[in-house]
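Please look over the sequence and the structure shown here before reading on. The notes that follow are grouped by topic.

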Amino acid sequence: MTDTIVLMAIHPIVVYGEPVLHRRAEKITEFDEDLAELVADMHETLDASNGVGLAAPQIGVGKSIFVFNADDDYGVRRRGTFVNPVLIGSKVPDTRPDPDDETEGCLSVPSLDFPLKRADRVTVNGFDEKGEPVTLSADGWFARIMQHEYDHLQGTLYVDRLDKRWSKKWKKAQEAHGYDQPGLSWMPGVDPDPFGH
């Protein structure tokens with residue numbers, strides 16, 4: 001009998017402007033040890049970043065995977081993985097986002113947050129890192145997390161969805177922070193936490 005040692009690694013998080021963030025992620029075709037290692041690294045990176053979700057493109061890997069670790073609206077801690085997810089959501093309300101209750105941030109848009117309307121309810125279907133089918137239904141805050149991470153796999157960041165008013169503010173902040181060119185990243189657990197956690 002041999003023991004297997006799995007070494008996990010924290011990855012740098014790439015910032016808006018990095019090409020991998022702006023293109024559709026590739027589907028996973030093999031559920032193997034490399035995938036299991038990548039998912040373990042993603043969970044470790046997420047934990048070190050103090051975030052609630054992380055998609056593979058955010059660590060520079062253009063694969064259709066996201067991980068999450070957050071409390072839902074009922075106080076239940078949910079931690080998991082979606083590989084090749086499909087998301088079905090309720091209609092996004094046609095009203096302006098509430099800056100007090102509907103604001104999002106993103107590890108790939110460090111230190112900024114903006115209000116954004118999202119669907120109230122979603123169901124996500126996909127697979128875990130072992131290739132087992134996974135289904136999750138969520139509402140409220142947790143549904144927002146699922147939509148945010150799923151968008152990353154489509155090459156869309158939340159700031160790409162802002163309404164006209166908030167989009168103007170984003171464009172100014174983007175220029176001020178230099179979030180319009182490739183090559184920027186930050187290292188969770190090493191660099192200062194951009195959200196002050």
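Which backbone nitrogen lies 2.8 Å from a polar atom of the side chain of N84? In this predicted model, that nitrogen belongs to I28.

- N84 is part of strand 4, which covers residues 77-89, and its relative accessibility of 12% falls under the 20% limit, so N84 counts as buried.
- Leaving aside residues up to four places away in sequence, N84 touches K27, I28, F31, S64, N125, G126 and F127.

**Helix 1**
- Helix 1 takes in residues 33-49, and because a helix of 17 residues at 1.5 Å a residue should span 24 Å, the 24 Å between its end C-alpha atoms agrees with that expectation.
- At its N-terminal end helix 1 is capped by D32, a side-chain oxygen of which lies 3.2 Å from the backbone nitrogen of D34.
- Just after helix 1 comes N50, which takes a positive phi of about 65 degrees.
- Among the buried residues of helix 1 are L35, L38, V39, D41, H43 and L46, and the buried residues of this helix pack against strand 1 (13-14), strand 2 (53-55), strand 3 (65-71), strand 4 and strand 9 (185-186).

**H152 in helix 2**
- H152 lies in helix 2, made up of residues 140-153, and because its relative accessibility is 0%, H152 counts as buried.
- Apart from residues up to four places away in sequence, H152 is in contact with L21, A55, P57, Q58, C106 and L157.

Technical notes
Residues are numbered from 1 along each chain as its sequence is written. This is a predicted model: local features need pLDDT of at least 70, side-chain atom pairs count only at pLDDT 80 or more; totals for chains, interfaces and linings use all residues. Side-chain values use heavy atoms; hydrogens and water are left out. Helices (H or I, at least four residues) and strands (E, at least two) are DSSP runs, numbered from the N terminus. Buried means under 20% relative accessible area, exposed over 50%, partly exposed in between (1.4 Å probe, protein chains only). A polar contact is a pair of N or O atoms within 3.5 Å; within protein, one must be able to donate a hydrogen and the other to accept it, and residues adjacent in sequence count only if both atoms are side-chain atoms. Contact means heavy atoms within 4.5 Å. The expected span of a helix is 1.5 Å times one less than its number of residues.
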